[in-house]
Amino acid sequence: MAEQMMEQASRTVRGQGMSSIKEVVSSWSDVARLLRGGDSGALVPVVIPRDNRGLRWTTLVWFGLWALISGFMLLRGAWGPIAMVVAILSFILAALWWWRSSIVEIEEGTVGVLTKFGAISGPGLAPGRHYLWHPWARVAYVVDVTTEIPYAAPVLSSPTHENVPLKSIEFFLRFRIVDAIRFVQTIGAGNFDLVLSNSVQDAIRQRSRQVRTERAYDLRGSDVKDMQELLNRQLTRYGVQIMGCNIPDVQLPDQYREHLATRERVAKELVAYEKEWELTRKRRIDTLLMEIERSKKIRDAKIVEVKASLNKARKDVAQMLEERETEAQAIRYEIETQARTNLVAAQGEAKAQEQLATAYRDNRAVLGYELARRRLDVGANLAENAPRPVIVHTDAGSADNSALSTLLMAQLLPQIQAGAASRSRPALRQQPQPTGDEVAQAAGSAAQRAVQAVRGRQK
């Protein structure tokens, strides 16, 4: 069942353009044509030539023997010499036939595999003419060992790394048969076709498994030396060597191909946008560099102007400082002059105040004395005019409580009070009065306080 499925798959693949290899049985005249051109689109590296010799030439031998015996028997008659001549001619024709049928011509670039009694004998016949004298020796195979045979092997549904089946992968190789005897002994052309097809499909599937789907087109023209080495390791034991191989085309599934075409279009647009953006960015960079250079020139000009303004400002500041210093010196001189004037005025005022204080001290002493005297007078007047209680002590047991005695007491009381006031006035006049020195000291201290107040105002 598996062999039938493999054969059916092989037929399907061949229908898609896969090469086929087979061996053909033909006459010696068609060997060169079949080896070079194939047969019905199939590659023919091995041709089995028909051996037409057989033993038919022995008929002449047997006929010659019969004629020879007949001649000996009819030697005395008229037919005897004729039979002898016929026998000799039969032997000559049989020899010529044998000689002609034993000639084998091997085409250039091919090797003839010689067999005796069905077994391969010898290393093989080189190109040229050979004579097979042995009647049972024959050339069983003519193998092309110099031509590099092209072989196309498209593989269907080869999965990628993401297990996406590719529609097809076309694989092309060139092989050469390096050992004809081993080739015909071990495998033969028909079986080699199947082995080579399976080996190629296995190698391609191993390669496709290593490739991601979006990079499947990278397989076109990629390096396949590893696949060539793998196939050589597998096919060397059959006497075949792979001379070269490549992957000319890869077909993706229709849906994925459309998707990939869209991605390629987007990628191309992206590249175009990137180029456009690169040009725009370059133009902008150039513009910015020009702006920067212009700004640097403007900055240098501004720096020169600022330095000039700074020097001018320094000169103006220095001049202004000199003017301010001159003004401050003048103001200082004016203040000192004014201070000296104020000091002299204050000293004069202090002296005047001192004199005034002295006068004021005298006046104040007098006024104080006058004020004290007036206080005393007022107090005396008040004391004189104030009612004074008079306590009259009478005995409780006396009977002198008449109205006459009361009247007499009322007359005597004013006289008593007047005598007491006259005695108090001399006592008031004898109190001490403030001296002139005390009044002068008080006035001097007042003048000093006035001078200090004037100096504080000047400061």
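Me: Which residues are linked with Glu336 in a network of salt bridges?

Reply: This is a predicted model, and in it Arg332, Glu336 and Arg340 are linked in such a network.

Me: How many residues apart are Arg281 and Glu278 in helix α8?

Reply: They are three residues apart in helix α8 (residues 254-385), so about one helical turn separates them. Arg281 has 33% relative accessibility and therefore counts as partly exposed. Glu278 is also partly exposed, because its value is 39%.

Me: Which salt bridge links distant parts of the chain, and how far apart are its closest N and O atoms?

Reply: Take Arg207 and Asp226, whose closest N and O atoms are 2.5 Å apart. This pair links distant parts of the chain: Arg207 lies in helix α6 (residues 188-209) and Asp226 in helix α7, 19 residues apart.

Me: Is Arg207 buried or exposed?

Reply: The general rule is that a residue under 20% relative accessible area is buried, one over 50% is exposed, and one in between is partly exposed. Arg207 is at 11%, so it counts as buried.

Me: Which residue forms a salt bridge with Arg33?

Reply: Asp30 does, and the closest N and O atoms of that pair are 4.0 Å apart. Asp30 is partly exposed because its relative accessible area is 28%.

Me: Where is Asn232, and which residues does it touch?

Reply: Asn232 is in helix α7 (residues 225-235). Leaving aside residues up to four places away in sequence, Asn232 touches Gln241 and Ile242. Asn232 counts as buried because its relative accessibility is 16%.

Me: Which residues form a nonpolar patch on the surface?

Reply: Patch members must have over 30% relative accessible area and no salt bridge, and nonpolar side chains are joined within 5 Å. Here the patch consists of Val85, Ile88, Leu89, Ile92, Leu93, Leu96, Trp99 and Tyr131, with about 750 Å² of accessible area together.

Me: Which helix gives the most to the nonpolar patch?

Reply: Helix α4 (residues 79-101) does, with seven residues. Tyr131, another patch member, is in strand β6 (residues 128-131). Tyr131 has 36% relative accessibility, so it counts as partly exposed.

Conventions
Residues are numbered from 1 along each chain as its sequence is written. This is a predicted model: local features need pLDDT of at least 70, side-chain atom pairs count only at pLDDT 80 or more; totals for chains, interfaces and linings use all residues. Side-chain values use heavy atoms; hydrogens and water are left out. Patches are made of residues with over 30% relative accessible area and no salt bridge: like charges are joined within 9 Å, nonpolar side chains (Val, Leu, Ile, Met, Phe, Trp, Tyr) within 5 Å. Accessible areas come from the Shrake-Rupley method with a 1.4 Å probe; for residues, only the protein chains shown count as cover. A salt bridge is a side-chain nitrogen of Lys or Arg within 4 Å of a carboxyl oxygen of Asp or Glu. Helices (H or I, at least four residues) and strands (E, at least two) are DSSP runs, numbered from the N terminus. Buried means under 20% relative accessible area, exposed over 50%, partly exposed in between (1.4 Å probe, protein chains only). Contact means heavy atoms within 4.5 Å.
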